[in-house]
Amino acid sequence: MSKIQKMHVTMTVNGETVEGLVEPRTLLIHFIREHLLLTGAHIGCDTGHCGACTLDIDGKSVKSCTMFAVQAEGSSIVTIEGLAAPDGTLHALQEGFRMMHGLQCGYCTPGMILRAHRLLIENPNPTEAEIRFGISGNLCRCTGYQNIVRAIQYAAAKLNGTQFQEAAE
Amino acid sequence: MNDLTPTKEQREARLEGMGCKRKRVEDIRFTQGKGNYVDDIKLPGMLFGDFVRSTYAHARIKRIDTSKAKALPGVRAVLTADDLKPLNLHYMPTLAGDVAAVLADEKVLFQNQEVAFVVADDRYIAADAIELVEVEYEELEPLTNPFKAMDADAPLLREDIKGKMEGAHGPRKHYNHIFNWQVGDREAADDIFASAPVKTKDTYWYHRTHPSPLETCQSLASYDKVTGHLTIYGTFQAPHVVRTVVSMLSGIPESKVHVIAPDIGGGFGNKVGVYPGYVCSIVASIVLGKPVKWVEDRMENLSTTSFARDYHMTTELASTQDGKILGMRCYVLADHGAFDACADPTKWPAGFMNICTGSYGIPVAHLEVDGVYTNKASGGVAYRCSFRVTEAVYAIERAVEVLAQKLGMDSADLRLKNFIRREQFPYKSALGWEYDSGDYHLAMNKAMEAVGYRQLRAEQAEKRAAFQRGETREVMGIGVSFFTEIVGAGPSKNCDILGVGMFDSCEIRIHPTGSAIARMGTKSQGQGHETTYAQIVATELGIPADQIQVEEGNTDTAPYGLGTYGSRSTPVAGAAIAMASRKIRAKMQMIAAHLLEVHHNDLDWDIDGYQVKGLPEKRIGVKEIAWAAYHQPIPNLEPGLEAVNYYDPPNMTYPFGAYFCVMDIDVDTGAAKVRRFYALDDCGTRINPMIIEGQVHGGLTEAFAVAMGQEIRYDAAGNVMGASFMDFFVPTAVETPHWETDFTVTPSPHHPIGAKGVGESPHVGGVPCFSNAVNDALSFCGSVHIDMPHDAWRIWEAAEKLGLHKAA
Ligand code: FES
Ligand code: FES
């Protein structure tokens with residue numbers, strides 16, 4: 001096998017311009033985790049099913065294990081590390097997941113939160129069924145989803161400035 | 001006292017101790033992407049290892065040619081069994097007293113078995129190199145049917161132990177036989193069955209499945225050739241056990257082996273054992289003097305590291321005409337795959353399968369288990385259960401339903417009639433356990449009332465009539481299950497892992513300014529130990545939980561512990577926390593007595609300090625006591641404030657619960673819809689109700705998965721079918737039902753805080769509840785038992801066999 005020619009990529013990640021040299025076959029998730037050392041997004045499968053690697057790319061939720069780093073050339077990407085406000089104030093979803101006990105091992109959480117983030121932008125007032133459908137590309141093995149749904153409802157209420165009463169038991 | 005003096009309630013609330021729905025400490029890092037999992041760790045000069053795996057289920061290895069792989073730039077080493085043999089590392093001991101191949105030695109025994117380990121500069125080069133390793137196989141006849149394993153002409157699987165007819169658990173009957181295990185009184189049971197008026201006998205197959213945590217198994221070994229220190233990061237549910245095993249295998253003194261289990265992305269029993277990947281990353285690091293990481297992919301996870309279940313359970317009940325159960329017999333054929341690598345306490349070849357008399361006062365019983373080898377991956381781990389308890393509970397809870405059907409009796413009534421009564425505890429079961437406490441009637445009645453059980457049965461009768469009249473194609477099933485778990489392994493007199501007693505430990509150190517650190521021998525994989533353990537300390541020592549740091553998963557700093565699985569953390573480590581705290585409190589009492597100038601017997605503990613009996617205003621808080629412990633000489637006391645406790649539990653704990661499921665099934669599509677699921681759990685004292693509820697949701701969801709579709713299947717040639725998330729059923733938020741939770745509280749009488757453990761109960765009780773619902777739905781059409789998993793296809797198939805699709 002001959003040596004693989006590396007390619008130069010540039011993209012915006014969490015508001016900062018980043019660049020790197022990658023093989024054409026380098027997956028975006030590996031570039032994010034291993035070159036940029038943003039290890040919040042995880043890998044949970046080989047088949048694009050689990051959503052642990054979900055990033056927000058140019059206004060869409062993308063499973064970053066299904067994309068090469070070079071395909072993200074020029075893209076604008078948000079990872080879990082870039083979701084809180086610059087002053088450190090947590091995003092309503094980050095708060096909601098904690099308040100509603102929407103996570104256990106935490107492995108699915110960054111992907112789940114980023115997916116919910118895009119969901120709430122597209123649909124600020126989702127019904128429970130819409131939330132469940134909206135996160136069905138993200139698997140969680142620990143929580144049984146019920147408290148994730150509540151966490152997203154909590155965040156939606158907070159972002160909309162309405163009241164959310166129900167608390168996790 | 002004035003208006004600003006906090007009330008008792010305020011002081012208590014400030015602690016966020018036991019019983020409080022404290023928000024989790026872990027979430028702060030996890031929600032910000034700051035968790036620290038094994039694959040997040042990157043050490044300088046780190047290499048990456050990956051496996052060449054067998055394409056066959058059973059074959060002789062004729063030749064392995066690694067030369068092309070080794071010639072690839074960036075490849076540092078390719079290891080085969082021949083490289084490990086001189087180190088005596090080509091086999092490793094399993095927790096069950098067998099050995100398992102690290103790299104296949106002359107033969108492969110299951111598909112995807114590890115054949116060679118490639119080490120390269122990065123994971124892409126390693127993947128390239130795997131393609132370049134040439135392995136020549138000679139195919140052998142595969143053995144996939146456990147019922148044929150002990151045939152006279154069955155293919156011989158384990159050549160390495162061919163002549164060794166004395167196994168770890170007694171004599172072997174056949175070269176593919178592993179053990180025969182019997183509990184109870186066979187003769188007495190046979191006598192009962194000879195004369196009982198009503199008898200049932202059915203074989204239930206609890207199919208093979210997999211714990212599949214979202215993070216796979218992984219390790220990173222780093223050997224320092226200069227100092228001789230070996231550091232291993234890994235997905236280890238039991239880090240200290242890993243350290244001991246590594247030291248025994250490598251000859252490196254245990255003091256120079258440092259095992260770190262960082263954050264773990266779910267375990268569910270998958271991360272208890274020791275796997276070839278761990279061993280190979282360690283060996284490669286020792287050989288190369290560089291850090292070597294191994295990360296399993298999902299396919300490898302599902303097809304190699306530790307399946308669960310695969311028990312064929314022939315279960316018999318004998319009863320009177322009016323439903324008093326007289327006896328039980330159970331015979332299990334256990335398919336262990338290529339090696340006996342189940343993760344049970346070493347003396348228990350079938351785990352705690354002898355809890356199979358369940359929640360009932362069955363006077364006479366006999367259990368027999370035969371374990372056999374087949375050409376499948378090894379394992380038999382406790383997937384979200386205490387050692388084979390889900391199997392046991394499934395057997396008895398199906399059998400009770402079948403008996404009720406035969407008697408024409410309501411199955412809830414049959415249970416109520418046979419429950420162990422409250423006044424019978426501590427109750428000695430026919431198969432040797434001593435149940436600590438319970439009030440089964442209270443729990444069952446509360447649950448039946450909550451779901452409106454009698455009304456549901458009435459509705460079901462109407463729907464059945466409508467179905468028979470041809471007005472609907474939907475049938476309704478009511479799933480009932482009542483389980484008794486056995487957790488908290490366990491007393492070292494009968495539980496050990498490779499000879500190490502199954503105690504657990506806690507070391508607590510109070511700092512001069514009154515905050516504290518607790519170091520533990522267990523390891524959370526999402527259960528929230530950092531949160532709940534601190535709550536126990538908070539209540540015991542009067543220090544606010546947010547000032548208590550909990551540290552786990554570091555063998556250099558933590559006292560020796562046996563780890564987290566089998567719901568043992570709260571029953572065993574939780575007790576160690578209470579006991580260590582009480583040692584500290586005893587010392588605090590002496591210090592307080594000195595400071596208040598009274599006799600220590602004249603002091604009462606009061607939430608967060610000591611007060612003089614009858615003089616509530618004469619008190620001293622924990623903070624002042626801690627300060628004094630470090631800053632003031634106290635006569636006859638050493639300075640400092642810390643304690644360690646190794647807790648060897650006197651007995652197991654026995655959580656229990658009553659679950660109900662209402663399901664509607666379309667007989668034409670086989671689609672099953674869970675209309676309602678209600679779970680009442682009694683786990684004794686409740687430390688954090690929010691976390692308990694989360695555990696119940698998660699366990700039920702995994703139960704739903706297993707009962708309704710999750711399976712690791714093999715074809716006749718031994719090909720593993722569907723070992724990816726494409727085929728292996730992991731429910732999404734859409735198909736996962738809504739969960740209703742409830743509880744009763746029966747504290748464990750022998751546990752310092754009365755807690756019993758809960759993480760696994762919902763799985764143990766949930767699986768039979770779903771299966772009973774499906775079976776109940778079709779019982780009125782003459783069906784007695786349908787095996788899991790109950791996916792739409794199999795339900796449709798069952799309906800077809802019952803003739804429900806015939807044109808009217
Ligand atoms: S890692 Fe599973 S979808 Fe990307
Ligand atoms: S919290 Fe563990 S996978 Fe979702």
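## Basis and helix packing

Axes are lines fitted to C-alpha atoms, for helices over the stretch in contact, and angles run from 0 to 180 degrees between N-to-C directions. The model is predicted, with local features needing pLDDT of at least 70 and side-chain atom pairs counting only at pLDDT 80 or more, while totals for chains, interfaces and linings use all residues. Residues are numbered from 1 along each chain as its sequence is written, chains are lettered from A and ligands numbered from 1 in the order in which they are written, and side-chain values use heavy atoms, leaving out hydrogens and water.

Helices (H or I, at least four residues) and strands (E, at least two) are DSSP runs, numbered from the N terminus. In chain B, helix 11 (residues 411-418) packs against helix 12 (residues 440-451) with axes 10 Å apart and an angle of about 160°. Helix 11 of chain B and helix 12 of chain B are therefore roughly antiparallel (angles over 145 degrees). Their crossing is left-handed (the near helix is turned anticlockwise from the far one by less than a right angle).

## Largest cavity

A cavity is a set of points on a 1 Å grid over the protein atoms alone where a 1.4 Å probe fits but cannot get out; lining residues have an atom within 4 Å of a point. Points are joined across faces, edges and corners, and a volume is the space filled by probe spheres set on them. There are six cavities of 30 Å³ or more.

The largest has a volume of about 530 Å³. Its lining has 37 residues, with B:Gln527, B:His529, B:Gln695, B:Val758 and B:Gly759 nearest the centre. By class, 13 are nonpolar, 20 polar and four charged (Ala, Val, Leu, Ile, Met, Phe, Trp, Tyr, Cys and Pro are nonpolar, Asp, Glu, Lys and Arg charged, the others polar). Helix 14 (529-541), helix 15 (569-596) and helix 17 (689-708) of chain B each supply at least two lining residues.

## Second largest cavity

The second largest cavity has a volume of about 260 Å³. It is lined by 22 residues, and B:Met92, B:Val274, B:Tyr275, B:Ala341 and B:Ser378 are closest to its centre. This lining divides into 14 nonpolar, seven polar and one charged.

## Backbone exceptions

The peptide bond from B:Phe425 to B:Pro426 is cis, with omega near -5°; B:Pro426 lies in the loop between helix 11 and strand 21 (427-428) of chain B. A:Leu37, not a glycine, has a positive phi of about 60°.

Conventions. On a 1 Å grid over the protein atoms alone, a cavity is a set of points where a 1.4 Å probe fits but cannot get out, and a pocket is an open set with protein on both sides within 12 Å along at least five of seven lines; lining residues have an atom within 4 Å of a point. Angles under 35 degrees count as roughly parallel, over 145 as roughly antiparallel, 65 to 115 as roughly perpendicular and the rest as oblique.
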